[in-house]
Amino acid sequence: MKHFFLAAFAALNFLFLPAVYSQADTSSEGIHPEKNYKLSEIVVSATRTPLNAMYAPSRVTRIDVAAMQKSGFDDMQSMLSFADGIFVKNYGTGQLATISLRGTAAEQTLFLFDGVNLNNIQNGQVDLFLVPVNNLSSIEISQGGSSALYGANAVGGVVNLESKISSNDHVRVDVGSGSYGNQIFGGEVSEGLGSARVDLIVQRQRGINDFDFTFNDGAKNFPMKFAGADYVEDMQSLKFAFPSSSSSTSFLIQNVSANRGTPYATSDSTLETTARETDKNTITVLKNIGHLGVFNYSASAGFIYSYLNYNDPSYATNDYYKTLSLQPSMQLSYFKEQFSIASGIDAELDRGKSDNMTGIKNRNRVGIFASGEYDVRKNVDLETRLFGALRYDDYSQFGNSLNPKLGINVKPLASFPVHLRANVGTSFRVPTFNDLYYRSQYYNGNPDLKPERATDYSLGGVVEYGDGQGPFYGDLNLDYYHIDIHDGIVYQTLPDFTGTEANLKRIVSKGVELSLNIKYESVFSLKGNHFFGKSSDVSIPGSPSYNKQLI
C-alpha cells in the first residue's frame, strides 16, 4: 500500500467560539482557555503505566477530542484520518468505516474503550461509524505490535479510547445540519450529586444521502438518483464517578443503535438498492482505581452486547449475529525512583449466535502479563530508558501464546531535545467466529484454523521544541517499521468450487512515517504528516503474486 496524507489546520480559539464549547472547555480536565500551553503528553498505551510520550519506545499519538471538535472534526473517522500512519477505509457517510494501521488489516488493530476490547468477535473489526466521540476525553494510537501488553489482535497497534467525566456542572445542546439531509441533535448534562458526578450524553444523527448522477453503461448515459444510503443513529451514554481520597470508582453504560441502507456499487441502470443493516451495541464498564500499600491498582469489568441484522429482500437474505463478551481484569503497578513495573491478569468469556452458524459458539481466554521500565541515567552518561513486557494467553480453542517485547529510548545529547527509540516484539491475531464457523452454500468456516503470528520492529526518533513554559511548541517524528506476518488467514477455493479459510499467507509490511506539529499558545496549530507504506505477499516464492503489493 502506498499512501500519502498531508493535512494542516489553523484554529483561532478566541471569544467568538460558541458559548457551548467555552463552557465545556472550562470543565474539561486541565484545560484553561486563557493560557493553554502544549506539554509533552502523558500516555499509557505504550507501557500500561503513565509515561511521557517523548520517552516511549515506539510512536504514540494522543488526540485531544475536545480540541479536535473545536477544529471541526466531529466523528471517529475524521479524527483517526488526521493521525499519523492511519488509513481510514470509509464507504460513505453513515456507512462502514474501518482502519488500516501500518498496512495491516482492520481486524489486526486492537480497539480498547476504558480497557475493554471493542473488536467484534464475529468479524474482528470495529465499525468507526458506531463509535461516538462525544463521551471521549482522548484517543491514543500506539503504533506497532502490542500483544505483549494487550494480547490478541494488536498486530498493527492499539487504539485506546478514554471516556470523560466533567469536573463541574454544565448543560450543552448540540444542533447541526449538512448536505443531503444530514442532521444532528443532542446534548450533555453534567451534575454533581454530593461526592459523586454524573454525565448524561444523548445524540441522534440522521441523513438522507441522496443525489442525482449519470450512469454510463459503456454505450449510453442514464440519469439516475442515488438512494438507499439513508441512516439514523442514536447514542446514549451515562457515567457515574465516585472519587475519594484513596480510590475512585466509575460506572459507565453506553448504547449505540443504528439503522442504515447499505447500497451496492451501481452496475446497471435498473439497479435498486434494498439492503439494510440494523446495529445495536451496548457496553458497560465498572472500574475502581486506588492504592494498596505501595502499589497502585486498577480493577475493572466490562460487558459488551452486539447485535447486527442484514436484510436484503432482493436476494432473500435476512441474516443476524448476536455476540456477548464479559471481560474482567486486574492490574497492580509499582513506582520507584528509577523503575516502574505493572503486572496483572485479565480474562474474556465470549459467546456468539447466528443463523449462519450451527448452534451457540463459545470462546474463553485468560491472560497474564508483566511490563517494566528502567531508567539507567544514574549508571550511564546517556539518558536511557529500557522497556520490557511479556504476556501469556491461553485460549479454549487455540491453546496458548507467549509474546515478548523489548524497547529502548535514548537521549544522546544533553543539550539537544532529540530522543531515539527502538522496539522489537511478537504479536498474534485469533480467528474470528466467521473464520471458524460461518456456513453457507458456497463457503464453510474452518474450525482448525490457527492464530496469525507476527514479528515486528521499529526504529525512529523525535525532536521536540518548547518545554511548555514559552508560547511555542513543536515536535518532529520519524519512524521506520517492519512487520512480518505468517500463518495469515486467507480464503482458499476448494475442488468442489466451494471455499474456506486456511493459514497459508505470509505478508511483510514496511514503511516510513513522518510528522510535524507546531503550536503557538491557544491561537494557532499546524500539523502535517507523510506516510509511505508497502504490504507485500511473500507466501510462495516464484508464484505470480510473490512480492507483489497488496491493496
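**Reading the core, a sheet and the salt bridges**

Tutor: Let's start inside: the largest nonpolar core holds 30 residues, and M76, L80, I139 and I141 make the most contacts within it. Keep in mind that this is a predicted model.

Student: Which helices and strands each supply at least two residues of this core?

Tutor: Two helices do, α2 (65-70) and α3 (76-81). The strands are β4 (86-90), β5 (97-101), β6 (109-113), β8 (136-143), β9 (157-163) and β17 (276-292).

Student: Let me zoom in on one residue. What is I139 in contact with, leaving aside its neighbours within four places in sequence?

Tutor: I139 touches T61, R62, I63 and V65, then M76, M79 and L80, and finally V159, N160 and L161. There's also a second, separate core, with 12 residues, including F398, V430, Y437 and L449.

Student: Now the sheets. How do strands of a sheet pair?

Tutor: They pair through backbone hydrogen bonds, and the pairing can be parallel or antiparallel. Here, follow the order β3-β8-β9-β6-β7: these 5 strands make an open sheet with mixed pairing. At its edges lie β3 (60-64) and β7 (116-117), each pairing on one side only.

Student: How many bridges join β3 to β8, and do the two run parallel or antiparallel?

Tutor: There are 5 bridges, and β3 and β8 run antiparallel. To find your place, look at V60, which stands opposite S142 in β8.

Student: On to charges. What can side chains of opposite charge do?

Tutor: They can pair when their charged atoms come close. In this model the count comes to 29 salt bridges. Take D479 and R59, whose side chains meet at 2.9 Å, N to O. D479 sits in strand β26 (residues 472-493) and R59 in the loop between β2 (51-52) and β3, so to speak a link between distant parts of the chain, 420 residues apart.

Student: Are D479 and R59 buried or exposed?

Tutor: Both D479 and R59 are buried. R385 and D375 form another salt bridge, at 3.7 Å, N to O. R385 belongs to strand β22 (residues 383-395) and D375 to strand β21 (residues 361-375). R385 and D375 are buried too.

Student: What about K450 and D487, how far apart are the closest N and O atoms?

Tutor: They're 3.8 Å apart. K450 is in the loop between α5 (433-437) and β25 (452-465), while D487 is in strand β26.

Conventions. Residues are numbered from 1 along each chain as its sequence is written. This is a predicted model: local features need pLDDT of at least 70, side-chain atom pairs count only at pLDDT 80 or more; totals for chains, interfaces and linings use all residues. Side-chain values use heavy atoms; hydrogens and water are left out. A nonpolar core is a set of buried Ala, Val, Leu, Ile, Met, Phe, Trp, Tyr and Cys residues joined through side-chain atoms within 4.5 Å. Buried means under 20% relative accessible area, exposed over 50%, partly exposed in between (1.4 Å probe, protein chains only). Helices (H or I, at least four residues) and strands (E, at least two) are DSSP runs, numbered from the N terminus. Contact means heavy atoms within 4.5 Å. Two strands pair if DSSP finds at least two bridges between them. A salt bridge is a side-chain nitrogen of Lys or Arg within 4 Å of a carboxyl oxygen of Asp or Glu.
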